[in-house]
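Dear colleague,

Here is the structure I promised to hand over, and below it you will find my notes on what turned up in it. Please keep it open beside you as you read.

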Amino acid sequence: MEHKQFTSIRSLTQEEYGQVQTLCDIIKAANEEKHFKSTQEVFEGISPIMARYIKRGTIGELTRHHIEAGLLNDESLFSDGQLDCDALRKKLLESITTDKDDKFERIMAQRDVFKFVGLLMYFNCFRKYTSVEQIREDFCQHLFNEEKPDGDLSKSWLNDKMFFCYPMGGHAYPYFSFFWALDSLWECVSDENGVLDNEKLQNKMIDEYQKCKKEMGLEALVDAHYSDDGPCHPEVFFPNTEEFYGPVLVAVENERKFIESCGEGKGPNRYPYGYEGALLQRIRTKKQGND
């Protein structure tokens with residue numbers, strides 16, 4: 001398959017603090033106390049934290065409170081009538097993650113902010129927000145409202161798929177693929193005593209892919225570190241996890257682009273922004289029903 005000069009659809013948008021980086025940070029925080037010596041120890045050590053995250057929801061109560069209680073009223077967040085998402089992200093990070101005693105809650109809160117702002121940026125392409133009230137109506141009245149028939153979507157649809165379906169289910173693919181790779185790469189991420197090394201973990205499981213993508217381009221990266229999924233799905237590429245870790249890459253037919261998939265190739269991110277689009281459609285349907 002020819003795939004010259006491919007770019008990543010994800011790389012064309014602003015980098016996100018994603019669910020795999022969140023998982024990596026949770027592991028690093030736990031490792032500071034537990035000093036893991038095997039993948040199994042890591043899995044067992046973070047299980048209570050994962051269970052807590054499921055119950056909490058990806059976008060937690062404190063974040064929802066800040067959004068609803070007036071944080072968005074800051075006029076500096078709108079420039080010439082347009083929402084400044086970078087300023088919003090910075091303000092939310094400062095307000096929500098500052099002075100937290102619980103290191104795991106800080107990690108989860110950081111994911112909160114990037115998840116919310118990422119959704120808001122996508123929604124804004126269609127909604128063209130010009131006021132706080134419009135944002136609050138979409139998110140607080142339709143997505144974060146426990147009184148709605150389908151409940152608070154921050155604890156279901158808005159939840160990161162790998163946390164939402166942990167420890168079972170196909171949507172948890174990013175979680176298990178991470179552990180499959182971690183098992184293969186343990187010698188690369190541990191010190192001379194076999195103890196997990198946080199710096200090596202970050203480099204091998206997160207930074208190496210980003211660095212290779214930037215320096216090599218996706219064509220060379222796929223050739224060097226990926227294998228296709230065979231004749232049934234030749235456009236789907238999986239990392240060779242015995243020596244490299246990265247997202248599943250799905251070639252977009254006739255467009256010379258890759259989707260960085262958080263699922264098994266044809267999974268949740270088969271279509272760019274399909275997840276975000278489904279949420280947006282829910283809002284539009286609800287609003288039309290109220291008119």
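Arg127 is partly exposed, with a relative accessible area of 25%, where buried means under 20% relative accessible area, exposed means over 50%, and partly exposed covers what lies in between (computed with a 1.4 Å probe on protein chains only). Please bear in mind that this is a predicted model, in which local features need pLDDT of at least 70 and side-chain atom pairs count only at pLDDT 80 or more, while totals for chains, interfaces and linings use all residues. Residues are numbered from 1 along each chain as its sequence is written, and side-chain values use heavy atoms, with hydrogens and water left out.

Salt bridges

The partner of Arg127 is Asp138, and their side chains meet in a salt bridge at 2.9 Å, N to O; the term stands for a side-chain nitrogen of Lys or Arg within 4 Å of a carboxyl oxygen of Asp or Glu. This pair links distant parts of the chain, with Asp138 in helix H6 (residues 132-143) and Arg127 in helix H5, 11 residues apart. Helices here are DSSP runs (H or I, at least four residues), as strands are (E, at least two), and they are numbered from the N terminus. Asp138 is buried, with a relative accessible area of 0%.

The structure holds eight salt bridges, and another of them joins Glu32 to Lys103, whose closest N and O atoms are 3.7 Å apart. Because Glu32 lies in helix H1 (residues 19-34) and Lys103 in helix H5 (residues 103-127), this pair ties together parts that are 71 residues apart in sequence. Glu32 is exposed at 51% relative accessible area, whereas Lys103 is buried at 19%.

A further salt bridge, of 3.5 Å from N to O, brings together the side chains of Arg52 and Glu105. Arg52 belongs to helix H2 (residues 39-56) and Glu105 to helix H5, so parts that are 53 residues apart in sequence are tied together by the pair. Arg52 counts as partly exposed, at 32% relative accessibility, and Glu105 counts as buried, at 17%.

Nonpolar cores and aromatic rings

Which residues have the most contacts inside the largest nonpolar core? That core has 30 residues, and the ones with the most contacts inside it are Ile46, Phe178, Leu182 and Met205; a nonpolar core is a set of buried Ala, Val, Leu, Ile, Met, Phe, Trp, Tyr and Cys residues joined through side-chain atoms within 4.5 Å. At least two residues of this core come from each of H1, H2, H5, helix H8 (173-184), helix H9 (186-189) and helix H10 (198-225), and the largest share, six residues, is supplied by H1. In soluble globular proteins, nonpolar side chains tend to be buried together.

If neighbours within four places in sequence are left aside, Phe178 is in contact (heavy atoms within 4.5 Å) with Val20, Leu23, Cys24, Ile27, Leu201, Met205 and Tyr245. Phe178 is also part of one aromatic cluster, together with Phe43, Tyr175, Phe176, Phe179 and Tyr245.

The structure holds 13 aromatic pairs, meaning rings of Phe, Tyr and Trp (its six-membered ring) whose centres lie within 6.5 Å, with planes under 30 degrees apart called stacked, over 60 edge-to-face and the rest tilted. One of the pairs is that of Tyr175 and Phe176, which is edge-to-face at 5.4 Å centre to centre, with 90° between the planes. Tyr175 is buried at 0% relative accessible area, whereas Phe176 is partly exposed at 22%.

Phe36 is found in the loop between H1 and H2 and is buried, with a relative accessible area of 2%. Not counting residues up to four places away in sequence, Phe36 touches several residues, including Ile27, Trp186 and Leu196.

Asn198, in helix H10, has a side chain that reaches the backbone oxygen of Lys28 at 3.1 Å and joins the side chain of Asn31 through a polar contact of 2.9 Å. A polar contact is a pair of N or O atoms within 3.5 Å; within protein, one must be able to donate a hydrogen and the other to accept it, and residues adjacent in sequence count only if both atoms are side-chain atoms.

With best wishes
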